[in-house]
Amino acid sequence: MEQMQPNLLLERDSADTPGLRELIMNRPAARNALNLALLEALGGALERATRDGGVRVLILTGAGAAFCAGHDLKELRAAAPATAQNLFERCAQLMQALVASPVPVIAAVNGVATAAGCQLVASCDLAIAADHASFVTPGVDIGLFCSTPAVALSRAVPVKAALRMLLTGEALDAATAHRLGLVNDVVAADELDAAVRRLGAVICGKSRATVALGKRAFAAQSGRDLASAYEVATAAMLENLRMEDAAEGIDAFLTRREPRWRDR
């Protein structure tokens, strides 16, 4: 994709790093709130990236001053019960698709991440935040508890930290989000794009097939008891060892040369 299209979700492939694709939520006037159309666009973009063997890393960010303001409350307030159910189900499907995606997703948090926007950050594999970014689950303030954002948030930060955010509606600054593990790094706002692209470029240099298997195994073992987690991980190691890229990588290491990935 050589040029960004004027729609709810802009997609742009990096000219400098093959395999790096940027997804830009493009509702700046609504602070990139997740209406149904944007949720569907994000889901479609994930599916396309999965099918496109050339895509190795996705960067997710927001246009304008905000990362994502959560659900579109105007749309939600006007929705019939069946429509609201569909919206929440689509959102849950998107968050699960981010976790299940064979392509790693890095959140570039360029501003406030509110409610489902905070959920997006927590659902991405990695996240880098600008130093002015903030993270908040303020549903309790408007009588609509952030129950679905709590699923991802409680898996990304300590339980008591998640509950404090959920019960008080208090915002975390970027430094606190970093300390709690919600984001990997915090950088100056004008360095965010470069920092995220550097991280993406590192992962783009790895075997796509190996990364996909590793992501799947990590998700599969997470939350299991120790013995069954090791069963899952051992099976993944054996599957990985049978892959062509494992043989190539080991041979390259032993002969001190760069590997030539075949992504299989």
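Trainee: Which residue does L10 stand opposite in β2?
Mentor: L10 faces I24 there. Strands here are DSSP runs of E with at least two residues, helices are runs of H or I with at least four, and both are numbered from the N terminus. This is a predicted model, where local features need pLDDT of at least 70, side-chain atom pairs count only at pLDDT 80 or more, and totals for chains, interfaces and linings use all residues. Residues are numbered from 1 along each chain as its sequence is written, and side-chain values use heavy atoms, with hydrogens and water left out.

Trainee: How many bridges join β1 to β2, and do they run parallel or antiparallel?
Mentor: There are 5 bridges between β1 and β2 (residues 20-25), and the two run antiparallel. Two strands count as paired if DSSP finds at least two bridges between them. β1 and β2 make a hairpin with 6 residues between them, and G19 in the turn has a positive phi of about 95°.

Trainee: What about the whole sheet, what order are the strands in?
Mentor: The sheet is open, with 6 strands in the order β1-β2-β3-β4-β6-β9 and mixed pairing. β1 (9-13) and β9 (185-187) are at the edges with a single partner strand each, so one side of each has no neighbour in the sheet. On average, neighbouring strands are turned by 20° against each other, direction ignored.

Trainee: Which helix packs on it?
Mentor: Helix α1 (residues 36-51) does, touching β1, β2, β3 (57-62) and β4 (105-109). Contact means heavy atoms within 4.5 Å. The direction of α1 makes about 25° with that of β1. For these angles, axes are lines fitted to C-alpha atoms, for helices over the stretch in contact, and the angles run from 0 to 180 degrees between N-to-C directions.

Trainee: Changing topic: what is the phi of N32?
Mentor: Positive, about 60°, although N32 is not a glycine. Most residues other than glycine have a negative phi. N32 sits in the loop between β2 and α1.

Trainee: And is N32 buried or exposed?
Mentor: N32 is buried, at 0% relative accessibility. Buried means under 20% relative accessible area, exposed over 50%, and partly exposed in between (1.4 Å probe, protein chains only). R256 also has a positive phi, near 55°, but R256 is exposed at 81%. R256 belongs to the segment after α11 (244-254).

Trainee: OK, salt bridges. How many does a search of the whole structure find?
Mentor: The search finds 15, each being a side-chain nitrogen of Lys or Arg within 4 Å of a carboxyl oxygen of Asp or Glu. One of them joins R197 and E22 at 3.0 Å, N to O. R197 lies in helix α8 (residues 192-204) and E22 in strand β2, so this pair ties together parts 175 residues apart in sequence.

Trainee: How accessible is E22?
Mentor: E22 is buried at 7%, while R197 is partly exposed at 22%.

Trainee: What does D125 meet in a salt bridge?
Mentor: K215, at 2.9 Å, N to O. D125 is in the loop between α4 (116-123) and β6 (126-130) and K215 in helix α9 (residues 208-221), 90 residues apart. D125 is partly exposed at 31%, and K215 is buried at 13%.
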